[in-house]
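The points are numbered and can be read in any order.

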Amino acid sequence: MGDKQMTLDEFVGELSSGMTLGIGGWGSRRKPMAAVRAILRSDLSDLTVVSYGGPDVGLLCAAGKVAKVVYGFVTLDSIPTDPHFKAARQSGAVEAMEVDEGMFYLGLLAASQRVPFLPTRSGLGSDVLTVNPSLRTVRSPYDDGEELVAMPALHLDAAVVHVNRADAAGSGQILGPDPFFDELFLGAADRRFVTTEKLVPTRQLAEEGPIQTMCISRLLTDGVIETPGGAHFTACVPDYGRDEGFQREYVAAAGDPDAWAAFTERYLAADEESYQAATRVAADERAAARAAKEGA
Amino acid sequence: MTETTDTGVTRAEYCAIACAEVFRGDGEVMASAFGTAPALGARLARLTFAPDLVLTDGDAALVDGAPPLGARPDELVFESHMPYRRVFDVVWSGRRNLIMMASQIDRTGNQNISAIGPWAHPKAQLVGVRGAPGNTVNHSTSYWVPNHSTRSFVEQVDVVSGVGYARAAAAGPSAERFHEIRRVVSNLGVFDFATPDKVMRLASVHPGVSVDDVVAATGFALVVPDDVPQTRLPTPEELDLLRNVLDPTSLRDREVSA
């Protein structure tokens, strides 16, 4: 088996401006945030981001990396919307393709099956079809004659997902309760990258969890990057939950240009290791502030 | 201070009962419920008149029984794995009954959670259409609006996310085949579409609310029958379940206080 290990910088080196990039996870859960942060530090631009959106979309919009977002929602889960994505949409800074989240799934599935579209009832009658005039319907060739939405394949130039464990050859293991659509993001993409909390020998995967947690096969991966804390501040159970305090700090900072500049300087300006260290300091500060308040 | 009627039943409890009624008579379907009153309603229905209802843990599992609001994972009894990819199988099979929320809802039952203002240049981008387009043409869908006003009950929603009756009819038989907007529950009353032209009708007012209150808070011509009943009282058993089993910390009063 080949060794597919690489660094975050090597991952970024595989991307280019104008690409369509799929990002795994769901909302503020198991997002490949270390990979997103690496893109923030790069000179990449004009990306089309395809995502069950969370702070990945918000951060990339805030940094001016995005030309277009393809999504069914953008949410932080415990906070309903992402402030940067909201601002980008309201100012017209990004183009948008908003579809039903089931249509989105079928778009990835179609791309991974190499068919041009998949039929679905979802979308009929809604403004998804009017705000996306390129979407078409298709009539069943059988006696029922049903007219359904032809959800086009969402072909991706590259995709990145974050998993709990992986081996050097690119087999990925998701230990949390929901694998989301990560397998399909990889299946829909030309270049496929997996970031992982921990790189382990293949033999160890079976000790980490049952066979059904080993849901990303190396058939679907070109590169593996070990990034401990790589989903922070989104949830990556069972390794860690969402850092709600940090997420609130992210949202609060987004509301004010000076605060956002300070947030960027403190957390995002340097490399991933510096980010992880700075967020640990921030967590200690919040804990100390809480303790002081309770003691007062 | 929570206003109560002379029966001592709070507005939030009437809302929970009205949401529970949405699940009556469905048998073995997956109940999905967003918001506190819908979450309580689904659990209450499961514990009383809809014992075959299938509840989720809000994450990736189906659970046995009806756990209280805010139950810890170790208090849950899992009966099946239900990750999102499988949720879509259930949606598309129709074996689901859903109460979702609406930032805007209109006379023919269109719902909006996408954007306020024109979609191309929104005044306010909301969460996005999510699963609303697919839900509404695949299985029974109802809505919960905890802040009934002329801003939420509008003549025409800005972006049709969940599909109402007129839009489903215009889209043709494939859109109408499994379409049902069963009910709208708000903090003021219960609404359905049981009119010849499938427009919103006032089905009941919660005790303490007048028909005029509802009409004044609604931004379109609501169909108001000559006799508008009151939302039914919870039974003593239902009240006990709500107060002492499902929501002992009264989360319901934080969502609806009037």
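In what order do the 3 strands of the open sheet in chain A lie? The order is E5-E7-E6, and the pairing is antiparallel.

1. Basis. This is a predicted model, in which local features need pLDDT of at least 70 and side-chain atom pairs count only at pLDDT 80 or more, while totals for chains, interfaces and linings use all residues. Residues are numbered from 1 along each chain as its sequence is written, and chains are lettered from A and ligands numbered from 1 in the order in which they are written. Helices (H or I, at least four residues) and strands (E, at least two) are DSSP runs, numbered from the N terminus.

2. Strands E5 (117-120) and E6 (136-139) of chain A are the edge strands, each pairing on one side only; two strands pair if DSSP finds at least two bridges between them. On average, neighbouring strands of this sheet are turned by 45° against each other, direction ignored. E5(A) is joined by 4 bridges to strand E7 (residues 147-152) of chain A. Within this pairing, Pro119(A) has Ala150(A) in E7(A) as its bridge partner.

3. A helix over the sheet. Helix H5 (residues 101-113) of chain A lies across E5 and E7 of chain A and runs at about 150° to E5(A). Axes are lines fitted to C-alpha atoms, for helices over the stretch in contact, and angles run from 0 to 180 degrees between N-to-C directions.

4. Two packed helices. Helix H9 (residues 244-254) and helix H10 (residues 257-268) of chain A pack at an angle of about 135°, with their axes 7 Å apart. H9(A) and H10(A) are therefore oblique to each other (under 35 degrees is roughly parallel, over 145 roughly antiparallel, 65 to 115 roughly perpendicular, and the rest oblique). Ala252(A), Ala253(A) and Ala254(A) of H9(A) meet Ala259(A), Trp260(A) and Phe263(A) of H10(A). The residues of this contact are 6 nonpolar, no polar and no charged. Here Ala, Val, Leu, Ile, Met, Phe, Trp, Tyr, Cys and Pro count as nonpolar, Asp, Glu, Lys and Arg as charged, and the others, Gly among them, as polar.

5. Backbone points to check. Most residues other than glycine have a negative phi, and most peptide bonds are trans. A cis peptide bond joins His232(A) and Phe233(A), with omega about 10°, and the bond from Val237(A) to Pro238(A) is also cis, with omega near 0°. Phi is positive at Arg114(A), near 60°, and at Phe180(A), about 50°. Arg114(A) is exposed, with 10 other C-beta atoms within 10 Å, whereas Phe180(A) is buried, with 23 inside 10 Å. A residue is buried with 20 or more such atoms, exposed with 12 or fewer, and partly exposed in between, C-beta atoms being placed from the backbone.

6. Chain contact. 34 residues of chain B are in contact with 36 residues of chain A (C-beta atoms, placed from the backbone, within 7 Å). The side of chain B that touches chain A has 20 nonpolar, 10 polar and 4 charged residues.

Terms used. Two residues are in contact if their C-beta atoms, placed from the backbone, lie within 7 Å.
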